[in-house]
Amino acid sequence: MRRWASLGRRALPFFAGGVAVSFRFYQSSVNECQEPGKKRKLTVAEMLALKGQRQLVLTTAFDEWTARAAEEAGVDMIVAWGSCQEHSKFVVEAVRRGAPNTLIGTGINPGAYESQEKALKLANEMRAAGTDIIYCSGLVPEKFAGLARQHVPCCGHVGYLPVNNTWYGGPRGVGKTAEEAKKVYDDVMALEAAGCIAVEMECVPAKVAEEITKRTKLLVFSMGSGPNCDGQFIFSEDLMGTNLGRYPRHSITYANLFTCAVDALKQFCLDVQSGAYPQARHCIKINDQEFARFQQSLASSPTRLDRVLDSAPKSLDQYDHF
């Protein structure tokens, strides 16, 4: 039996942004506000109230159609980012168009600012673009504190951090020794003290992740860290089969959209080359009388071949300048 199964429907108070909320409040708000057949966007406070109640679902999206698919599927939170601040704003705007009723988390590059003031400026730019939660990988806890004081919801990242790949020599489990596991725990507690609301825990042993999840009020999102965190996070490219690189061990694939795309484009090539496309139903028609009038209007106009012949050199004398 999972550790939270015994909690039942009791109210679970949490403190988020200076406002005490409870699971009872969350349930009543959903009942009052949700339209039949339409997804309702969670607030951050409501998401916090789900700790220990059910697993949250997270994935990535970098364009409008993937975001729309994620929202229609019922994903709780989409993580999106770009190669730089301006690109991230462009990506988030597209994702927000596709998923107007889903929480969005967006990363800020830890090297993109030199002060908490600039961090706040960048965070506000991302929130204006449509972000709900500032998602930072590799950012030291004290950098979060200034954002948290301004009531900016922040999500940290512990365990295996791709931004620190040079230390590891590639992806690997983090926390397989007592010392490493304690370091992961200390990192989580430091993020909690700094005011974060959540943390992604990547490639940490399942037992270690479960034990830490029990001891923090943060929402713990598992990426390859077992089933007993507060949510599961997998990249959409792994889920949909569009990843052209290595699939991590913790990933799961439900479709092969890349193969579908190749098949569709291959068939298009074959149809064009064989003359099967376009067919009459793909073409715009013109009234026969109007077409005849059009042809008459061209009677005195040279054909393309005539124009080519007229422009061709009449003798080699034209090339004397070479």
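This dialogue goes through some features of a predicted model.

Reader: Which strands form the closed barrel, and with what pairing?

Author: Strands of a sheet pair through backbone hydrogen bonds, either parallel or antiparallel. Here 8 strands, β3-β4-β5-β6-β7-β8-β9-β10, form a closed barrel with parallel pairing. The twist from one strand to the next averages 25 degrees. Helices (H or I, at least four residues) and strands (E, at least two) are DSSP runs numbered from the N terminus, and two strands pair if DSSP finds at least two bridges between them. As a case, β5 (residues 103-107) and β6 (residues 133-135) share 3 bridges in the parallel sense; Gly107 has Tyr135 of β6 as its bridge partner.

Reader: Which residues touch the most other members of the largest nonpolar core?

Author: A nonpolar core is a set of buried Ala, Val, Leu, Ile, Met, Phe, Trp, Tyr and Cys residues joined through side-chain atoms within 4.5 Å. Buried means under 20% relative accessible area, exposed over 50%, partly exposed in between (1.4 Å probe, protein chains only). The largest core has 33 residues, and Ile134, Val188 and Met201 touch the most other members. Helix α8 gives the largest share, 6 residues.

Reader: Which residues of α8 are buried, and what covers them?

Author: An α-helix has 3.6 residues a turn, so residues three or four places apart point the same way. In α8 (178-194), the buried residues are Ala181, Val184, Val188, Met189, Leu191 and Ala194. Their cover includes α6, β7, β8 and α9, where contact means heavy atoms within 4.5 Å. Leaving aside residues up to four places away in sequence, Val188 touches Val158, Val199, Met201, Ile212, Thr216 and Leu218. After α8 comes Gly195, with a positive phi near 105 degrees.

Reader: Where does His151 lie, and is it buried or exposed?

Author: His151 is in the loop between α6 and β7. Its phi is positive, about 65 degrees, although His151 is not a glycine. His151 is exposed, with a relative accessible area of 53%. Cys203, in the loop between β8 and α9, also has a positive phi, near 55 degrees, but Cys203 is buried at 17% relative accessible area.

Notes:
Residues are numbered from 1 along each chain as its sequence is written. This is a predicted model: local features need pLDDT of at least 70, side-chain atom pairs count only at pLDDT 80 or more; totals for chains, interfaces and linings use all residues. Side-chain values use heavy atoms; hydrogens and water are left out. Axes are lines fitted to C-alpha atoms, for helices over the stretch in contact, and angles run from 0 to 180 degrees between N-to-C directions.
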